[in-house]
Amino acid sequence: MTALRARTWYDATAITPPTTQPITSINGGVYDVAIIGAGLAGLVSALTLAHGGARVIVLETDHIGSGASGRNGGFCSAGWAADHAQITKQVGAENAQTLEALAQQGLDWMKTRMQMPHYAPCAMMQGELILSLSGAALQPAGQDQVITTPDLRKILTARRYKSAVYSPSAVHFHPLNFMRLLAQDVMDAGGEIIENTPVIGVSKTAHGFDVRVAGGKATIKAQRVITATGGYMGNDTPFSRRHLLPIRTYIGVTDPMPEILDRHIKCHWAIADTRRAGNYYRRLPDGRLLWGMAITAFGTLDTDSIRHMVLRDMGTIYPEMVAQMQSRQAGIDFAWAGNMAYARHYLPFVGEIGQNRYILSGFGGHGMNTAPAAAQALAAHILGDHQAVQAFANIPRLRVFGRIGALAAESTYRYMRLRDALSERLG
């Protein structure tokens with residue numbers, strides 16, 4: 001079993017998936033919008049368009065939540081993968097402020113949705129602890145609270161952390177359950193979702209576009225097309241392949257070990273450090289620990305290799321905890337990898353790539369708030385409100401140059417790891 005399709009803890013604990021339509025149910029006519037990709041961005045754009053009165057169809061190569069949207073760490077906080085200084089450099093101060101506001105709106109939208117009674121299976125929990133391994137103190141923003149070193153030692157037994165900030169606005173949750181509930185909401189609003197239907201091509205026609213699917217089962221006619229694929233882009237998405245890199249990250253989930261976690265991680269917040277390829281982890285409701293780590297541009301590890309890598313990485317932060325796990329024969333029960341879509345500047349592409357053709361992708365590293373914000377902005381643009389999407393217009397559409405870009409990304413991440421290690425040592 002490859003790590004990219006390995007069974008996740010989310011799969012094992014998920015609610016029943018919604019019943020989507022078969023491709024044979026397509027009854028002709030021209031859709032207002034066809035959306036390629038049923039990840040978070042694709043489903044939120046579909047929901048917004050359907051609520052606006054559009055006839056919408058979503059085409060998914062695999063199944064709901066099979067990509068990054070349903071197999072990530074389950075973190076959701078304000079901001080983008082790029083920091084404010086990077087965003088300002090790319091789009092200017094005014095657009096940067098707009099994008100920051102949109103990111104906050106995306107977080108608020110996610111939290112409001114998960115507070116709806118039927119979203120209870122998402123098990124949303126409040127709070128994120130942000131940690132630094134270097135000597136530089138973290139700067140709180142908004143309602144964030146600085147955690148003193150003595151107080152941090154009461155929460156975590158890991159001694160490598162030098163400073164911490166608690167963010168009460170962030171949340172963590174079960175992303176696969178969220179995706180399945182969101183898909184049902186799309187269908188309840190009148191949108192159609194077709195799973196297990198790879199798109200193999202899009203052709204311009206008099207009515208707009210013909211979207212061709214594998215096996216020649218049907219041709220979907222639509223006036224507009226949104227490409228909302230992420231790190232699993234195919235040959236049907238040439239723009240994505242030219243401008244985005246599929247970058248892998250890795251997650252492991254331990255066996256149940258609540259007593260050990262009570263000793264070493266005395267909080268139920270999401271936890272992440274500030275390194276570009278650092279750790280992110282959280283306690284799960286059934287007494288396990290989810291541990292995310294690493295970024296690679298090449299290769300795919302099998303699940304056993306990921307288990308060993310995760311356990312070794314945990315040991316560099318919590319050596320006593322891992323020793324206790326091993327003495328009790330507790331290990332890594334679930335292990336998987338996931339692809340994220342990254343641009344060179346860590347910002348997404350949102351907007352037109354041709355007449356009535358749109359891109360909605362590139363949310364790697366911070367997608368659970370930014371994807372819904374961007375999806376709503378693009379959907380509003382299609383429905384006639386062009387204001388919000390303008391903030392994305394100035395984001396440069398830089399090429400990634402295939403394997404050359406992947407090699408550059410791999411080299412950059414290795415350099416960042418060395419720089420982080422040096423900063424920690426000097427700090």
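This is a predicted model: local features need pLDDT of at least 70, side-chain atom pairs count only at pLDDT 80 or more; totals for chains, interfaces and linings use all residues.
A disulfide is counted here when two cysteine sulfur atoms lie within 2.5 Å of each other. Cys122 shows how the rule works out in practice: Cys122 is in no disulfide, and the nearest cysteine sulfur, that of Cys76, is 11 Å away. With a relative accessibility of 1%, Cys122 counts as buried, because buried means under 20%.

We can turn next to the nonpolar interior. In soluble globular proteins, nonpolar side chains tend to be buried together. In this model the largest nonpolar core has 80 residues, and those with the most contacts inside it are Leu43, Phe178, Ile226, Leu360 and Phe392. Helix 12, residues 367-383, gives the most to this core, with 9 residues. There is also a second, separate core of 37 residues, which includes Ile147, Ile265, Val310 and Ala335. When its neighbours within four places in sequence are left aside, Leu43 is in contact with Ala38, Val58, Ile64, Met179, Leu182, Ala183, Val186 and Ile193.

Of its 17 residues, 14 are buried, so helix 12 is largely enclosed by the rest of the structure. Its length also agrees with expectation: at 1.5 Å a residue, the 17 residues should span 24 Å, and the end C-alpha atoms are 23 Å apart. After helix 12 comes Gly384, whose phi is positive, near 120 degrees. Helix 5, residues 93-114, has 22 residues and reaches 32 Å from its first C-alpha to its last, close to the 32 Å expected at 1.5 Å a residue. Several residues of helix 5 are buried, among them Leu99, Leu102, Leu107, Trp109 and Met110. The buried residues of helix 5 also include Asn95, Lys111 and Arg113.

The strands come next, and strand 10, residues 219-227, is a handy place to start. Strand 10 pairs with strand 1, residues 30-36, in the parallel sense over 6 bridges. Within this pairing, Ala34 stands opposite Val225 of strand 10. Strand 10 also pairs with strand 17, residues 357-361, in the parallel sense, here over 3 bridges. With strand 9, residues 208-213, strand 10 runs antiparallel, and 4 bridges join the two. Asp210 stands opposite Lys221 in strand 10. Strand 9 and strand 10 form a hairpin with 5 residues between the strands, where Gly215 takes a positive phi near 85 degrees.

Two polar residues can now be followed in detail. His172 is found in strand 6, residues 163-172, and counts as buried at 1% relative accessibility. A polar atom of the His172 side chain lies 2.8 Å from the backbone oxygen of His268. Beyond its neighbours within four places in sequence, His172 has contacts that include Gly74, Phe75, Met124, Met125, His268, Trp269, Arg282 and Arg283.

Asp273 is the other residue, found in strand 12, residues 270-273. Asp273 is buried too, with a relative accessible area of 9%. Its side chain is joined to that of Arg275 by a polar contact of 2.8 Å. The Asp273 side chain also reaches the backbone nitrogen of Asn279 at 3.0 Å. Leaving aside neighbours within four places in sequence, Asp273 is in contact with Leu131, Leu133, Tyr161, Gly278 and Asn279.

Ala141 sits in the loop between strand 4 (125-132) and strand 5 (145-147). The C-alpha atom of Ala141 is separated by 9.3 Å from that of Val165, although the two residues are 24 residues apart along the chain.

Notes. Residues are numbered from 1 along each chain as its sequence is written. Side-chain values use heavy atoms; hydrogens and water are left out. Buried means under 20% relative accessible area, exposed over 50%, partly exposed in between (1.4 Å probe, protein chains only). A polar contact is a pair of N or O atoms within 3.5 Å; within protein, one must be able to donate a hydrogen and the other to accept it, and residues adjacent in sequence count only if both atoms are side-chain atoms. Contact means heavy atoms within 4.5 Å. A nonpolar core is a set of buried Ala, Val, Leu, Ile, Met, Phe, Trp, Tyr and Cys residues joined through side-chain atoms within 4.5 Å. The expected span of a helix is 1.5 Å times one less than its number of residues. Two strands pair if DSSP finds at least two bridges between them.
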